[in-house]
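I opened this model to look up a few things and keep notes. The entries below follow the order in which I went through them.

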Amino acid sequence: MADTLPSEFDVIVIGTGLPESIFAAACSRSGQRVLHVDSRSYYGGNWASFSFSGLLSWLEEYQENSDIVNDSPVWQDRILENEEAIALSRKDKTIQHVEVFCYASQDLHEDVEEAGALQKNHALVTSTNSTEAADSACLPTEDESLSTVSCEILIEQTPSNDPETALEVNGAEVTGEKENHCDDKTCVPSTSTEEMSENVPIAEDTTEQPKKNKITYSQIIKEGRRFNIDLVSKLLYSRGLLIDLLIKSNVSRYAEFKNITRILAFRDGRVEQVPCSRADVFNSKQLSMVEKRMLMKFLTFCMEYEKYPDEYKGYEEITFYEYLKTQKLTPNLQYIVLHSIAMTSQTASSTIDGLKATKNFLHCLGRYGNTPFLFPLYGQGELPQCFCRMCAVFGGIYCLRHSVQCLVVDKESRKCKAIIDQFGQRIISKHFLVEDSYFSENTCSRVQYRQISRAVLITDRSVLKTDSDQQTSILTVPAEEPGTFAVRVIELCSSTMTCMKGTYLVHLTCTSSKTAREDLEPVVQKLFIPYTEVEIENEQVEKPRILWALYFNMRDSSDISRSCYNDLPPNVYVCSGPDCGLGNDNAVKQAETLFQEICPNEDFCPPPPNPEDIVLDGDSLQPEASESSAIPEANSETLKESTNLGNLEEPSE
């Protein structure tokens, strides 16, 4: 109940996205009293991951609550004469243009439901098994948006602790503990080991005989807990800020990670694998021997380009694409470097930015595998929960389904002094961190937002078939028309614990120029075909078949100046939602910058104390206690850098 909450904290955090969760963990670790609330019924906000039924419930919230507005706030009578209120939004407007399509055959007469899931609303999904255009498949119009009004929906976010999910990253075993148990108000993550006990085993040989590999919508529903579908699609650079923070804070012990196994390129209508390591380059059949030497020479230069300013001096003002043309690189190599290594476009990056991106790519090779990237098992939504768990361990209090009505501001000092929650309780604090989506239109009237176009596909095979069906891949499809943007494609297999066996989960992301479907459907048509009964019998079909598709636009509130918000008190800080970038550096930078403003002399997320070294009151320091200090910390090898990293000065490694 609300009356059980303490009435005073040092820091109140509103929203459980990744930057807010990192910030809350850092504050709690430094000894601050933290209250972390979210009006949603799940962790992560727009960083969350859902099971298939959870995603359908999320869409149902969108459909049912988009027009709900409460015109009778309870907080107005609780504002004193010397105070004023900043009302917070009761309606999340960060998601727009949602469209859902189901191409798999729908055996609705079977009435199959996921065990423990909510009754599915079939009206949310439009069947498109025919070849007709599915214009009628749109969900609510662009003027409607996702509402975060409190609802009693249990979102399935955490799957099993399957023995097969044990992961080794360069010999360092990574183990994880799953957590998602919470009551209605105070929620502290805990360990779960029985999440998927009710799932039906899946036959191992389903991919060997195409005629038997008929996947129906009922199967997807039945195996819905095998899915962990991210709202935002990102990867972790192996030497990025988030990996460094996970290691430093020991939060990595709460998660498991898997290597991205392939970097792909799309050219001339075909998908090809890009060589990354030195061995890959010289074993590649796509490159001639001359091209292999050209590529190695250029990548070696990029690793230490700062030492040779004469090589790029005079090219700073032109694009990286134009700069590559001046180098001794064939058009094939220029394409690979630009789109698959630097991962930029012909017009997006300057020469210096392109060289930095190439160096960062090469610098991350070899730490945990042959590509620079890691992916968290069970989805991106695990990461906010990991930091929430760290916050809770050090005393943070969590409340989901708990909305904040307003911020209370003292008229004289102009500082925020308290919040008033949905029950009318006033909770006092020194500092307040609010995620952008919680501010009302009045506060954000001068803010100009960008948009991210997103698509999520469930397919029946990989975009590039190989001997192994457990490949995780990243592919960049260049923009073809002026005013459009390159599309990033991340394909996840079942070993990432994000989809059922026999399927792949594909995420498409780009900066919006139109609606998500208009931006991404041309790329979807190049790489995939709809799943139809006729094509099931055709074994010659080369493209993967789409079983189910979701399109939506998400607000990009990153890089917005605090001064753009109207009349914010100095002790109210703003956190943005997800950005369009591939990595998570922006979230870490935000959290650290805000933490240093509040606690300028504190270390940011230091390692937790070794339990063996903790001396309780009344205990004397015995000789064996000093011996225990030499024992390595538990799980210190979870994500620790392997000693066999190769020669980093050689970009092939």
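Before the helix pair, a definition: an axis here is a line fitted to C-alpha atoms, for helices over the stretch in contact, and angles run from 0 to 180 degrees between N-to-C directions.

**Entry: a helix pair**

I am working with a predicted model. I looked up helix α1 (residues 18-29) and helix α13 (residues 585-598). Their axes come within 8 Å. They cross at roughly 40 degrees. I noted the hand of the crossing between α1 and α13 as right-handed. Then I listed who makes the contact. From α1 come Leu-18, Pro-19, Ile-22, Phe-23, Ala-26 and Cys-27. From α13 come Ala-587, Val-588, Gln-590, Ala-591, Leu-594, Phe-595 and Ile-598.

**Entry: the whole chain**

I stepped back to the totals. The protein chain has 14 helices and 25 strands. It runs to 653 residues, and 58% of them count as buried. I also checked how far apart in sequence the contacting residues are. Among contacts with a separation of 6 or more, 77% join residues 24 or more positions apart.

**Entry: confidence**

How high is the average pLDDT of the protein chain? I found 79, with 74% of the residues scoring at least 70. Two stretches I marked with care. Over residues 170-212 the pLDDT stays under 50. The model still has 124 contacts beyond four places in sequence for residues 170-212. Residues 620-653 also stay under 50. For residues 620-653 the model has 62 contacts beyond four places in sequence.

**Entry: helix α8**

Next I went to helix α8 (residues 331-341). Of its 11 residues, 10 are buried, so α8 is largely enclosed by the rest of the structure. I wrote down the buried ones: Asn-332, Leu-333, Gln-334, Tyr-335, Ile-336, Val-337, Leu-338, His-339, Ser-340 and Ile-341. What covers the buried residues of α8? Helices among the cover are α6 (289-303), α7 (320-326) and α9 (351-364). Strands β12 (262-267) and β20 (473-477) are also included. After α8 I came to Met-343, which has a positive phi near 55 degrees.

**Entry: positive phi at two arginines**

Arg-401 is not a glycine, yet its phi is positive, near 55 degrees. It sits in the loop between β15 (397-399) and β16 (404-410). Is Arg-401 buried or exposed? Its relative accessibility is 7%, so Arg-401 counts as buried. Arg-414 has a positive phi too, about 65 degrees. I placed Arg-414 in the loop between β16 and β17 (416-421). Arg-414 is partly exposed, because its relative accessible area is 35%.

**Entry: two serines**

I turned to Ser-51. It lies in the loop between β3 (49-50) and α2 (52-65). With a relative accessible area of 2%, Ser-51 is buried. Its side chain makes a polar contact with the side chain of Ser-53, at 3.3 Å. The side chain of Ser-51 also reaches the backbone nitrogen of Gly-54 at 3.1 Å.

Then I checked Ser-440. I found Ser-440 in the loop between β18 (426-435) and β19 (450-459). Ser-440 counts as buried at 15% relative accessibility. Which residues does Ser-440 touch, not counting those up to four places away in sequence? Ala-87 and Ser-89. The side chain of Ser-440 reaches the backbone oxygen of Ala-87 at 3.5 Å.

**Entry: cysteines**

Last, I counted disulfides. A pair of cysteine sulfur atoms has to be within 2.5 Å to qualify. By this rule I counted zero disulfides. Cys-564 is in none: the nearest cysteine sulfur belongs to Cys-444, 10.0 Å away. At 23% relative accessibility, Cys-564 counts as partly exposed. Cys-580 is in no disulfide either. For Cys-580 the nearest cysteine sulfur is that of Cys-510, 6.6 Å away. Cys-580 is buried, with a relative accessible area of 15%.

Conventions: Residues are numbered from 1 along each chain as its sequence is written. This is a predicted model: local features need pLDDT of at least 70, side-chain atom pairs count only at pLDDT 80 or more; totals for chains, interfaces and linings use all residues. Side-chain values use heavy atoms; hydrogens and water are left out. Buried means under 20% relative accessible area, exposed over 50%, partly exposed in between (1.4 Å probe, protein chains only). pLDDT is the predictor's confidence in each residue, from 0 to 100. Contact means heavy atoms within 4.5 Å. Helices (H or I, at least four residues) and strands (E, at least two) are DSSP runs, numbered from the N terminus. A polar contact is a pair of N or O atoms within 3.5 Å; within protein, one must be able to donate a hydrogen and the other to accept it, and residues adjacent in sequence count only if both atoms are side-chain atoms. A crossing is left-handed if the near helix is turned anticlockwise from the far one by less than a right angle, and right-handed if clockwise.
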